[in-house]
Amino acid sequence: MVIEWTDAYRLGIPRLDDDHRNLVDILNRFLAATESGVDTRALGVILDQFAEGLAAHCRWEEALLDRYDYADRLGHAERHQQMLVRLEAFISPYKDGALLHDQTCDKSEFLANLLLAHIRDDDLPFKPYLMSLV
């Protein structure tokens, strides 16, 4: 499985688009490592990179939405928090070494859905508002 970045996910805000593409790249590294049978603790290192990148991205995006007084900025921040909590729960077994490789393959689609659904359902709706300010 490879996650393909398409213009359908493009917000037109370079920093956000670069962050999203970088997160997709990290997920693709994770998926490739999963398919090649890398130890689950090594997969945890990649997942930590993803989690750190996602958290930094969320902070920057929230600051942007605050700066431009986006109407749903508090709801958006809450959805970020929920996403980060779900991600931490997903990562925890990797860090503990408690996950078998077969379980990793079964679970890998969760991450793609987590990120792409957030972009599609939560980020793309604020695109017209921010573009109207430029």
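Author: Start with helix α1, residues 14-35: its 22 residues should span 32 Å at 1.5 Å a residue, and the end C-alpha atoms are 31 Å apart, which agrees. The expected span is 1.5 Å times one less than the number of residues. Helices here are DSSP runs of H or I with at least four residues, strands are runs of E with at least two, and both are numbered from the N terminus.

Reader: Where do the coordinates come from, and what was counted?

Author: This is a predicted model, in which local features need pLDDT of at least 70 and side-chain atom pairs count only at pLDDT 80 or more, while totals for chains, interfaces and linings use all residues. Residues are numbered from 1 along each chain as its sequence is written, and side-chain values use heavy atoms, with hydrogens and water left out.

Reader: Which non-glycine residue has a positive phi?

Author: Asp 69 does, with phi near 55 degrees. Asp 69 sits in the loop between α2 and α3 and is partly exposed, at 49% relative accessibility. The cut-offs are under 20% relative accessible area for buried, over 50% for exposed, and partly exposed in between, using a 1.4 Å probe and protein chains only.

Reader: On to α3. What span should it have, and what does it have?

Author: Helix α3 covers residues 73-96, and its 24 residues should span 34 Å at 1.5 Å a residue; the end C-alpha atoms are 35 Å apart, which agrees.

Reader: Where is the kink in α3?

Author: At Phe 90, shortly before the proline Pro 93, with a bend of about 25 degrees. The bend at a residue is the angle between axes fitted to the seven residues ending there and the seven starting there.

Reader: Which residues of α3 are buried?

Author: Phe 90 itself is on that list, along with His 76, His 80, Met 83, Leu 87, Ile 91 and Tyr 94.

Reader: How do α2 and α3 pack?

Author: Their axes are 9 Å apart, at an angle of about 170 degrees. That makes α2 roughly antiparallel to α3. Axes are lines fitted to C-alpha atoms, for helices over the stretch in contact, and angles run from 0 to 180 degrees between N-to-C directions. Under 35 degrees counts as roughly parallel, over 145 as roughly antiparallel, 65 to 115 as roughly perpendicular, and the rest as oblique.

Reader: What sort of residues make that contact of α2 with α3?

Author: There are 15 nonpolar, four polar and eight charged residues. Nonpolar means Ala, Val, Leu, Ile, Met, Phe, Trp, Tyr, Cys and Pro; charged means Asp, Glu, Lys and Arg; the others, Gly among them, are polar.

Reader: Switching to rings. How many aromatic pairs are there?

Author: Four. One is Trp 5 with Tyr 9: the ring centres are 6.1 Å apart and the planes are at 40 degrees, so the pair is tilted. Rings of Phe, Tyr and Trp (its six-membered ring) pair if their centres lie within 6.5 Å; planes under 30 degrees apart count as stacked, over 60 as edge-to-face and the rest as tilted. Tyr 9 is buried, with a relative accessible area of 16%.

Reader: And what is the geometry of Tyr 70 and Tyr 129?

Author: Their ring centres are 5.6 Å apart and the planes are at 50 degrees, so this pair is tilted. Tyr 70 lies in the loop between α2 (40-67) and α3, and Tyr 129 in helix α6 (residues 127-133), so the pair ties together parts that are 59 residues apart in sequence. Tyr 70 is buried at 12% relative accessibility, while Tyr 129 is partly exposed at 30%.
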